[in-house]
Each structure stands twice: as C-alpha cells, then as structure tokens.
Amino acid sequence: MRLDKYLSQATGISRKEIHRIMHRGEVSLNGSETLNPAQHIEPGVDSVCLNGEPIGAPGPRYLMLYKPEGYVSASDDPSHPTINSLVDIPRNDELHCCGRLDIDATGLILLTDDGKWSHRITSPRHKLPKRYRVETADPIDASAVQAFLDGLKLHGEHKLTKPAELDILSPNEAIVYLTEGRYHQVKRMFAALGNRVTALHREQIGPISLDPALSPGEYRELTVAEIASIKP
Ligand code: URA
C-alpha cells in the first residue's frame, strides 16, 4: 500500500494534506524520516509515525446508530439528510448500513465498512431475525398472526413472504420478527391485510439490540462481543 494512502485512511487527513505534512518531514518509516508519499509499505509490518506518534493500520469500523425520523439510509442524498451525516468520524462516507430503514422509520441501524460482516446480516441465507415495533391505523385482527406465519402475497409480487412472527401487544401495536428484507416489507405486509403502519421502529438485528442509552441521532461503537455475535 502507498504510504500516503495508508496515512490518509488511518487519520482521516486528505492525501493532499498528507503530502504537505510529509514535505515538512513529520513522517517517519521504521525510524527514519521519509519524504516519499509513494513509498510502498506493508500495513501491520512497517512502523509508521506522524510527529513521533505511531499510526496504526486502519481497521474496519462497526457502529450502531439510533436512526431518527427524516433521515435516509444512504451516505449521499440530494434532498434529505443522511444517516452517515450523523456519524462524526473521518471517512464517514465509507460506512454502509447493514439493512436500510425507511425515511419515516426509526431505530437500530448497523454501520460498517466491513463488507463481509454486513453480508452476513443482509444475506437471506443467514435468516437473521430483525425485530420491529409497529403501530397501525386500524386494530390488528387476531387472524394476522397466522397470516404472517403462512406468508403473504405483497402487492406486485408473486412469491409469498417467508414465515414471520407477529406478537400483538395491544389493538394497534405489535412486534414483528422478519428474516428477510424486501422493500417496505413490514408496511406492505400490513397493507396486504388492509391495514396501515403509522409508526415503525427497529429494536433488534439478530443478537444485537438498540442500546437504551442512545437517543435518536446518537451512535456508539459496537463492542467486540457484539461484532463477534454475527457468526459467519
Ligand atoms: N419494513 C418497512 O416497511 N420499512 C422499513 O424501514 C423496514 C422494514
């Protein structure tokens, strides 16, 4: 890897600025000052220091975010604020979410730059359950529990939805567990039964729950145990 790329990725400083910093002689490689941004280095093997401080190899990042209403699940959008803009760390545009939420939905979003890890979450093969709290316009009929288990035909689709669990909490409130992630799936499942979702909040993705200490718009790093809980 080029030295300037390594430094830029590890620090969040632009490559142009890294070139200036190197020109001033502030970077050393294996103990000797280096002025060459194109120098090839071996991350994890070579020792790189900036003003005497060791610069570690840039590793993957894993975060949970409490998505507020009004934000789109994307790193870039022409007309709405994005979830990535809530994350105040270098190169936040390189993070992608492991399963989107609609602009009006709230709750748990997992963000990472580790594509293999996020694939384990989003791939239907892993059947990772996602838990949603739902409010509806009309009372939820008790027959919906069996309908969710049997699978529903969504508008414009032929294949029935996979068996989903529905726990009715009160006439207009329920918990839904889904193991697939079709477009607007929860809303469309209730629509298939003639009802309408008025609020949708994701509480859990597989073994990872939204941290109750987080408020809407806040995020934190995942713990080592949370990262490891998503099995290959
Ligand atoms: N189902 C929906 O309808 N919307 C979401 O954001 C997630 C699941």
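Me: What is the relative accessible area of Arg 133?
Reply: The relative accessible area of Arg 133 is 28%, and the residue is therefore partly exposed. Buried here means under 20% relative accessible area, exposed means over 50%, and partly exposed lies in between, with a 1.4 Å probe and protein chains only.

Me: What kind of model is this?
Reply: This is a predicted model, in which local features need pLDDT of at least 70 and side-chain atom pairs count only at pLDDT 80 or more, while totals for chains, interfaces and linings use all residues. Residues are numbered from 1 along each chain as its sequence is written, and side-chain values use heavy atoms, with hydrogens and water left out.

Me: Back to Arg 133. Which side chain does it meet in a salt bridge?
Reply: Arg 133 meets Glu 173, at 3.1 Å from N to O; a salt bridge requires a side-chain nitrogen of Lys or Arg within 4 Å of a carboxyl oxygen of Asp or Glu. Arg 133 belongs to strand β8 (residues 130-136) and Glu 173 to strand β10 (residues 173-178), so the pair ties together parts 40 residues apart in sequence. Strands (E, at least two residues) and helices (H or I, at least four) are DSSP runs, numbered from the N terminus. Glu 173 is partly exposed, at 22% relative accessibility.

Me: Which residues share that network of salt bridges?
Reply: Through shared partners, salt bridges join Arg 131, Arg 133, Glu 173 and Glu 203 into one network.

Me: How many salt bridges are there by this rule?
Reply: The count comes to 15. One of them pairs Asp 104 with Lys 187, whose closest N and O atoms are 2.8 Å apart. That pair links distant parts of the chain, 83 residues apart: Asp 104 is in the loop between β6 (96-97) and β7 (106-112), and Lys 187 is in helix α5 (residues 185-192). Both count as partly exposed, Asp 104 at 40% and Lys 187 at 21%.

Me: And Arg 24, which partner does it have?
Reply: Arg 24 forms a salt bridge with Glu 26, at 2.6 Å from N to O. Glu 26 is buried, as its relative accessible area is 19%.

Me: Turning to α5, which of its residues are buried?
Reply: They are Gln 185, Val 186, Arg 188, Met 189 and Phe 190. These buried residues pack against β8, α4 (144-150), β9 (165-170), β10 and β11 (197-205).

Me: What follows α5?
Reply: Gly 194 follows α5, with a positive phi near 80 degrees.

Me: There is another glycine, Gly 56. What is it in contact with?
Reply: Apart from neighbours within four places in sequence, Gly 56 is in contact with Tyr 6 and Ala 10; contact means heavy atoms within 4.5 Å. Gly 56 lies in the loop between β4 (53-54) and β5 (62-67).

Me: Now the whole protein. How many helices and strands are there?
Reply: The protein has six helices and 13 strands. Its radius of gyration is 23 Å, well over the 17 Å that the globule rule gives for 232 residues, so the protein is more spread out than a compact globule. That radius is taken over C-alpha atoms, and the rule is 2.2 Å times the number of residues to the power 0.38. Along the principal axes, the C-alpha atoms fill a box of roughly 75 × 35 × 35 Å.

Me: What share of the residues is buried?
Reply: Of the 232 residues, 41% count as buried.
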